[in-house]
Amino acid sequence: MKARVFSGIQPTGSPHIGNYLGALKNWVKIQHEYECIWGIVDLHAITIYQKPEELRQKIVELAGMLIAIGLDPAHTSIVVQSMIPAHTELAWMLTCATPIGWLERMTQYKSKAQAQETVGDGLLQYPVLMAADILLYQAAIVPVGDDQSQHLELARDIAQRFNSMYGETFVMPATSLPSVGARVMGLDEPDKKMSKSSTGPNHAISLLDDPKVITKKIMRATTDSNPAVDFETMGAGVKNLLAIYQAFTETSDDHVKAEFDGLRYGDMKKKVAAAVVAALEPIQVRYREITADPGYLEGVLKASAERVSVFANDTVYKTKRAMGLYTA
Ligand code: AMP
Ligand code: TRP
């Protein structure tokens, strides 16, 4: 039997090249090697207020984007988290086996909580729901970007604690990070990770940005006071642009060095922009085709939810039995 894989992406903002290089591109690569379930995690999105009409639209758009990047719904499941009640059921049972202190230590919680006037309980519970997403499918591998590493360690801790309290119930999930692109930085602030919520006009490249916009953003990206690429002394901005190039073109370190060493920044940026545009253009064409037929997307989401629910319900049943809850 193929090992199972789960990963998720929130339907907030606009998916960017950080999401693509850190996670989505890998999802496409491994979709035939494993039994994969990809979650559009709308219940995670609402840990921060989302405008209802916008959220609904973004869920469908994200489903379209996941297919446009190359996920094949005939072989792989694309599910909307809130369509499968087992996610929330399992999350509650895991909540009861999770010490609060573990959650309060999460760096993403601390930084998100700081930005809120009042902190919703959901923000604290966020990583328990994430653990539930993974453990629900007994996923052995979770391909994510580097910013999710701490949450995944916590998912393993929760699984271990539950197993030792109630007996072997959950498979221990392993984190899988890409070798290049696990942490794409903001183009304007190369010391901060590229994020959907940052508002700077040149911060992120959306997967749907027009080629002209992509080129403009890269030409304006922050570099350093050197005039040309120097692999010994280059700063975070140049390093980030070269990592973006390498991840998109899937070339070796030696190739990147030979191609860019000594190149003036203007010329380096033109090459990086051309590589990003070449990779995103076909995705954008497919996206427009797919989203022209919302009925098709609805069908995909419904079929996926039906396919995975049997397994998800089975895990909920096992967990209830393990805890002594009543099952008919
Ligand atoms: P999110 O948009 O937060 O739901 O993230 C979806 C996926 O993209 C997760 O696996 C993240 O780790 C990954 N990701 C988000 N931002 C970045 C980034 N700047 N660099 C690399 N991976 C990222
Ligand atoms: N928290 C993840 C993020 O923001 C999304 C996510 C939710 C996820 N559930 C998951 C990722 C389960 C991997 C596995 O990027």
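1. Helices here are DSSP runs of H or I with at least four residues, strands are E runs of at least two, and both are numbered from the N terminus. On that basis α7 gives the most to the shell around ligand 2, with 4 residues. The model is predicted: local features need pLDDT of at least 70, side-chain atom pairs count only at pLDDT 80 or more, and totals for chains, interfaces and linings use all residues. Residues are numbered from 1 along each chain as its sequence is written, ligands are numbered from 1 and chains lettered from A in written order, and side-chain values use heavy atoms, without hydrogens or water.

2. Ligand 2 has 13 residues around it. A residue is near a molecule if one of its heavy atoms lies within 4 Å of it. Q10, Y126, M130, D133 and Q148 come nearest.

3. Polar contacts are pairs of N or O atoms within 3.5 Å; within protein, one must be able to donate a hydrogen and the other to accept it, and residues adjacent in sequence count only if both atoms are side-chain atoms. The Y126 side chain places an N or O atom 2.6 Å from a nitrogen atom of ligand 2. For the D133 side chain, the distance to a ligand 2 nitrogen is 2.7 Å. For a polar side-chain atom of Q148, it is 3.2 Å. On its own, ligand 2 has 370 Å² of accessible area (Shrake-Rupley, 1.4 Å probe). The protein covers 91% of that. Elements giving two or more residues to this shell are β1 and α7 (121-136).

4. By class, the ligand 2 shell holds 7 nonpolar, 5 polar and 1 charged residues. Nonpolar means Ala, Val, Leu, Ile, Met, Phe, Trp, Tyr, Cys and Pro; charged means Asp, Glu, Lys and Arg; the others, Gly among them, are polar.

5. Ligand 1 is surrounded by 18 residues, with Q10, D147, V184, M194 and K196 the closest. A polar side-chain atom of D147 sits 2.4 Å from a ligand 1 oxygen. The side chain of N19 has an N or O atom 3.1 Å from an oxygen of ligand 1. G18 uses a backbone N or O atom, 3.1 Å from a ligand 1 nitrogen. Alone, ligand 1 exposes 480 Å², and the protein buries 92% of that. β1 (4-9) and α1 (17-30) each give two or more residues to the shell. The largest share, 4 residues, comes from α1.

6. The ligand 1 shell has 6 nonpolar, 9 polar and 3 charged residues.
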